[in-house]
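Please walk through this model from its backbone to its side chains. Keep the viewer open and follow along.

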Amino acid sequence: MPDRFFPVPVHPGEGLQRQIHARLVEAILDGTISPFEPLPASRVLAERIGVSRNTVVLVYERLVEDGFLRAVPRRGYFIDEAHVRRELAARVTGRTPARDDGDAVLEARLDRLRLRPSRQRNIVKPTDWRSYPYPFIYGQVNIDRITIARWRDCARLAGAERHSAAWVVDLIDADDPTLIAQIVSRVLPRRGIRARPEEVLVTIGAQNALFLIATLLGGTGAVAGVEDPGYADARNILSATGAGLRPLPVDAGGVRIGPELTGCTLIHVTPSHQSPTSVTLGMERRLALLDRAERDDFWIIEDDYEHELNYVGAQRPALRALDGHERVLHVGSLTKPIFPGLRMGFIVAAPGLIRELRALRRLMYRHPPALDQRAMALFLAEGHFDAHILRARQALARKWRTLFREIERLLPDCRALPTTGGSAVWLELPAGVDGRALAEAALTRGVLVEPGDAHFMTPRVPCGYVRLGFAAIAHDRIVPGLCLLAEALADMRQGTDRPAGH
């Protein structure tokens with residue numbers, strides 16, 4: 001306790017409790033007592049200022065009654081920060097602020113916000129998904145210990161002194177030129193894209209890339225076409241900018257090139273493996289879409305995740321590779337197929353657009369962490385990314401074949417939309433079966449599946465779909481998991497739900 005608030009000895013001719021109380025209040029309002037540490041124990045303070053312990057205990061109790069302190073069991077007395085703020089405001093303004101009514105007052109204030117993102121309809125996934133024996137969860141991966149070891153080596157090497165000049169300084173709005181060179185020479189050619197360094201921007205994941213693009217091209221007055229069903233986060237990002245949304249129908253061939261495109265200022269598409277159905281957009285539709293973009297004057301946001309995960313037929317070139325009029329902004333992820341938690345992606349677009357996106361990114365976070373960029377550059381240069389993709393393709397292709405075969409056998413009344421690859425299966429349920437109810441019934445059996453309704457934006461949301469991700473589940477658990485899912489479905493159709501232990 002600062003000595004200036006407690007000169008020793010205290011004045012014996014005045015009331016001791018009153019003196020101690022006044023000086024503690026002064027110290028609290030002065031800000032010299034930390035709100036994160038307890039006040040001195042009553043015995044310690046009593047000995048320090050030369051009074052009885054009972055006197056200090058009575059003062060502490062009165063300060064609790066007055067609202068300055070709060071007693072925490074087994075820890076002591078702490079400052080009540082809310083009360084102190086009110087007291088300080090009263091000293092400044094000359095009036096006592098009204099007490100907040102808690103959550104109701106805060107909620108009223110929140111209702112004045114221009115946007116309430118938490119109220120958007122979105123995909124909900126449990127954070128404890130690993131605890132479920134049969135996690136058919138999308139967007140997660142199995143642990144690849146070889147890739148982990150190689151990433152760790154690259155991260156260690158990136159931190160070495162000879163690479164330190166690349167990341168100890170503020171890059172301002174630039175990216176690691178070594179990483180850009182690797183993206184241009186190793187990643188993009190596999191998608192059929194030729195690009196110059198000035199056409200590439202590194203982002204904190206593909207979703208951050210979508211946010212940057214939507215902020216630049218969206219906003220009030222923009223009309224954004226989104227696949228329906230489609231990627232819920234992209235839909236919500238575009239909506240958050242104030243853009244109007246227009247649903248673009250999707251069938252077994254991907255997004256349909258129809259009249260809905262007329263009047264759009266930009267559209268978001270997932271051509272390699274459509275989200276959430278995993279179907280691939282054919283070459284004829286790709287060319288037709290590019291033609292419509294030029295004729296109707298709109299931008300195309302190409303969200304090209306899982307481009308490498310094709311198991312049937314040849315890889316199709318990205319829309320950006322076919323674009324002769326700079327209509328396409330290509331978005332990719334460097335980390336989703338290896339470690340989703342690393343969060344590193346990129347945008348490929350016309351140099352003028354990249355220049356604006358770079359300036360916008362600078363306003364948000366300047367640039368992604370330079371150390372991570374150098375580590376990723378080394379990871380790519382040493383071929384570890386390619387080696388991981390090869391192993392992942394082989395493992396996923398095996399799971400993909402098993403899933404389609406066993407769904408036909410175990411869930412004959414369901415329809416799995418045929419795909420050429422990806423890491424998920426879009427399952428249409430029998431008439432009258434609700435996907436969300438089935439997901440809840442399956443959960444009691446240890447089977448984690450994703451209801452499909454969050455992917456739709458039409459007024460009457462179809463509820464008869466679920467998505468089965470298979471990247472994170474072990475191959476030997478696919479068949480037992482599908483058996484339990486079939487059991488949950490059978491019980492629902494019989495009007496019962498007999499939870500099984502898991």
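The paragraphs below take up a helix, a strand, the salt bridges and some backbone angles.

This is a predicted model, in which local features need pLDDT of at least 70, side-chain atom pairs count only at pLDDT 80 or more, and totals for chains, interfaces and linings use all residues. Residues are numbered from 1 along each chain as its sequence is written, and side-chain values use heavy atoms, with hydrogens and water left out.

Start with helix 3, residues 53-66. Helices here are DSSP runs of H or I with at least four residues, strands are E runs of at least two, and both are numbered from the N terminus. Helix 3 has 14 residues and should span 20 Å at 1.5 Å a residue. The expected span is 1.5 Å times one less than the number of residues. The end C-alpha atoms of helix 3 are 20 Å apart, which agrees.

Which residues of helix 3 are buried? They are T55, V56, V59, Y60 and L63. These residues cover an arc of only 135° around the axis, so they sit on the same side of helix 3. The arc is taken from the directions that run from the helix axis to the C-beta atoms. Buried means under 20% relative accessible area, exposed means over 50%, and partly exposed lies in between (1.4 Å probe, protein chains only). The face turned away from the buried side carries the exposed residues N54 and E65.

What covers the buried residues of helix 3? The cover includes helix 1 (16-30), helix 2 (42-49), strand 1 (69-72) and strand 2 (76-79). Take T55 as a close-up. T55 has 13% relative accessibility and counts as buried. Leaving aside neighbours within four places in sequence, T55 is in contact with L16, Q17 and I20. Contact means heavy atoms within 4.5 Å. After helix 3 comes G67, with a positive phi near 100°.

Now move to strand 10 (328-333). Six of its six residues are buried. In a regular strand the side chains alternate between the two faces of the sheet. In strand 10 both faces are covered: V328, H330 and G332 are buried on one side, and L329, V331 and S333 on the other. Strand 10 pairs with strand 9 in the parallel sense over four bridges. Two strands pair if DSSP finds at least two bridges between them. V331 in strand 10 is the bridge partner of D303. Strand 10 and strand 11 run antiparallel and are joined by four bridges. There S333 stands opposite G345 in strand 11.

Next, the charged side chains. Side chains of opposite charge can pair when their charged atoms come close. A salt bridge is a side-chain nitrogen of Lys or Arg within 4 Å of a carboxyl oxygen of Asp or Glu. By this rule the count is 33 salt bridges. One of them joins E308 and R191, at 3.2 Å from N to O. E308 lies in the loop between strand 9 (299-303) and helix 12 (319-322), and R191 in the loop between helix 8 and strand 4 (200-203), so the pair ties together parts that are 117 residues apart in sequence. Both E308 and R191 are buried.

R409 and E406 form another salt bridge, at 2.6 Å from N to O. They are three residues apart in helix 15 (residues 384-410), so about one helical turn separates R409 and E406. R409 is exposed at 52% relative accessibility, whereas E406 is buried at 8%. Elsewhere, salt bridges that share partners join R196, E198, E199, R320 and E326 into one network. Within it, the side chains of R196 and E199 meet at 3.5 Å, N to O. R196 is partly exposed at 42% relative accessibility, and E199 is buried at 6%.

Finish with the backbone. Most residues other than glycine have a negative phi, and most peptide bonds are trans. I172 has a positive phi near 65°. I172 lies in the loop between helix 7 (161-164) and helix 8 (177-187), and is partly exposed at 38% relative accessible area. R343 also has a positive phi, near 60°. R343 is in the loop between strand 10 and strand 11 (345-348), and counts as partly exposed at 39%.

P229 is in the loop between strand 5 (223-228) and helix 10 (232-240). Another runs from S275 to P276, with omega near 15°. P276 is in the loop between strand 8 (266-269) and helix 11 (283-296).
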